[in-house]
Amino acid sequence: MVVGESRNHFLFLQKESSMKPILSLIIALLIFQLSWSQNDTVNQLDSQGNKTGFWQKHYPNGQVQYEGYFLNNLPTGTLNRYYPSGVIKATLHRHPDSLLIHASIFDEKANLRVSGPYLNQSKEGIWFFYSESHDLVLKISYHQDLLDGVASRFYANGNLEETTNWHMNKLVGLQTLYNDQGRKTAEIDYFANQMNGSYRVFSTEGFIEINGRYAKGLKIGKWQYFKPGGELNYELIYEKGILKNSEVL
């Protein structure tokens, strides 16, 4: 019971940790490809000192580092960035009538790993994250570079693994977990990054295994634990996280 509950309880944080190898690549690429201003270029500046027209920069080995057109210091049309090997690193596309810049970021094998829009150099809107094998891993909503909206995680088979809701980088509302066959395994309510509200764990047959509540991250009230067929097994009573009827165990 404790192992099963803990697994669902902390699954989001564990999954978040598993993202780090992918996100480390993402962060490095995003920071690098958003450095619009290069003070060692010799291309055209307008009267305000902004990049304008066609720009191109090279690595010491002569390979093109980036190339594309600028208007008022922003890419216009398509700007391409490359690794020193010549493999495409990123493409940035902006329509002249829009401030949104759509980015596609690739690894050194030219696999698409990240795509989404920027506004004023901050992630804005829906972003997609892919594995090296081209599977969609994450779909995340951002506002002003902060998690804001629904985030969805996917299994390699394409089935939904988890959905969470965010507001200004804080976990709020319902987190729903699924197994790789698409069956719901848990529902957990959050507020400001803390479990706050209902907590339910489901068996693979769809029966409730655990039913309880949290308040500010602490167990409260009656917690029910059920047998595999859905029959109530026992109940525990909590007050601010403290078990009051330990004799039941």
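Thr76 is found in strand β3 of this predicted model. Thr76 counts as buried because its relative accessibility is 16%, and the cut-off for buried is under 20%. Which residues touch Thr76, once neighbours within four places in sequence are set aside? They are Tyr69, Phe70, Leu71, Arg94 and Pro96. Leu92 sits 16 residues from Thr76 in sequence. In space, their C-alpha atoms are 8.5 Å apart.

Strand β3 covers residues 74-82, and a loop joins β2 (64-71) to β3. Asn72 is found in that loop. The phi of Asn72 is positive, near 55°. Most residues other than glycine have a negative phi. Gln121 also has a positive phi, near 65°, and is not a glycine. Gln121 lies in the loop between β6 (112-119) and β7 (122-123). Gln121 counts as partly exposed, at 44% relative accessibility.

Strand β14 spans residues 194-202, and strand β15 spans residues 208-215. How many bridges pair β14 with β15? There are 6, and the pairing is antiparallel. Arg200 stands opposite Asn211 in β15. Between the two strands of this hairpin lie 5 residues. Gly206, in the turn, has a positive phi of about 95°.

Strand β16 covers residues 218-226 and runs antiparallel to β15, with 5 bridges between them. Asn211 stands opposite Gln224 in β16. The hairpin of β15 and β16 has 2 residues between its strands. There, Lys216 takes a positive phi near 55°.

**Charged pairs**

Side chains of opposite charge can pair when their charged atoms come close. The count for this model comes to 7 salt bridges.

| Pair | Distance |
|---|---|
| Asp107 and Arg113 | 3.1 Å |
| Lys184 and Glu187 | 2.7 Å |
| Glu231 and Lys227 | 3.9 Å |

In the next pair, Lys184 is partly exposed at 33%, while Glu187 is buried at 11%. In the last pair, Lys227 is partly exposed, with a relative accessible area of 36%. Glu231 counts as exposed because its relative accessibility is 52%, and the cut-off for exposed is over 50%. Salt bridges that share partners also join Lys184, Glu187 and Arg200 into one network.

His167 belongs to strand β11, which spans residues 160-167. His167 is partly exposed, with a relative accessible area of 48%. Where is Asp148 relative to His167? The two are 19 residues apart along the chain, but their C-alpha atoms are separated by 4.5 Å. Their side chains are joined by a polar contact of 3.2 Å. Residues up to four places away in sequence aside, His167 touches Leu147, Asp148 and Val172.

**Aromatic rings**

A pair of aromatic rings is described by the distance of the centres and the angle of the planes. A search of the whole structure finds 9 aromatic pairs. One of them joins Tyr66 and Phe70. Their centres are 6.4 Å apart, with 75° between the planes, and the pair is edge-to-face. Tyr66 is buried, with a relative accessible area of 1%. Phe70 is buried as well, at 3%. Phe70 is also one of the contacts of Thr76.

Why is the pair of Trp223 and Tyr238 edge-to-face? The planes of these rings stand at 70°, so the pair is edge-to-face; the cut-off is over 60 degrees. The ring centres are 6.1 Å apart. This pair links distant parts of the chain, 15 residues apart. Trp223 is in strand β16, and Tyr238 is in strand β17 (residues 232-239). Both Trp223 and Tyr238 are buried. Ring pairs link Tyr199, Tyr214, Trp223 and Tyr238 into a cluster.

Some rings have a lysine over the face. Lys51 lies over the face of Trp55, at 4.8 Å from the ring centre. Lys123 lies over the face of Tyr142, at 5.0 Å from the ring centre.

Definitions and conventions:
Residues are numbered from 1 along each chain as its sequence is written. This is a predicted model: local features need pLDDT of at least 70, side-chain atom pairs count only at pLDDT 80 or more; totals for chains, interfaces and linings use all residues. Side-chain values use heavy atoms; hydrogens and water are left out. Two strands pair if DSSP finds at least two bridges between them. Helices (H or I, at least four residues) and strands (E, at least two) are DSSP runs, numbered from the N terminus. Buried means under 20% relative accessible area, exposed over 50%, partly exposed in between (1.4 Å probe, protein chains only). A salt bridge is a side-chain nitrogen of Lys or Arg within 4 Å of a carboxyl oxygen of Asp or Glu. Contact means heavy atoms within 4.5 Å. A polar contact is a pair of N or O atoms within 3.5 Å; within protein, one must be able to donate a hydrogen and the other to accept it, and residues adjacent in sequence count only if both atoms are side-chain atoms. Rings of Phe, Tyr and Trp (its six-membered ring) pair if their centres lie within 6.5 Å; planes under 30 degrees apart count as stacked, over 60 as edge-to-face and the rest as tilted. A charge sits over a ring if NZ of Lys or CZ of Arg is within 6 Å of the ring centre and within 35 degrees of the ring normal.
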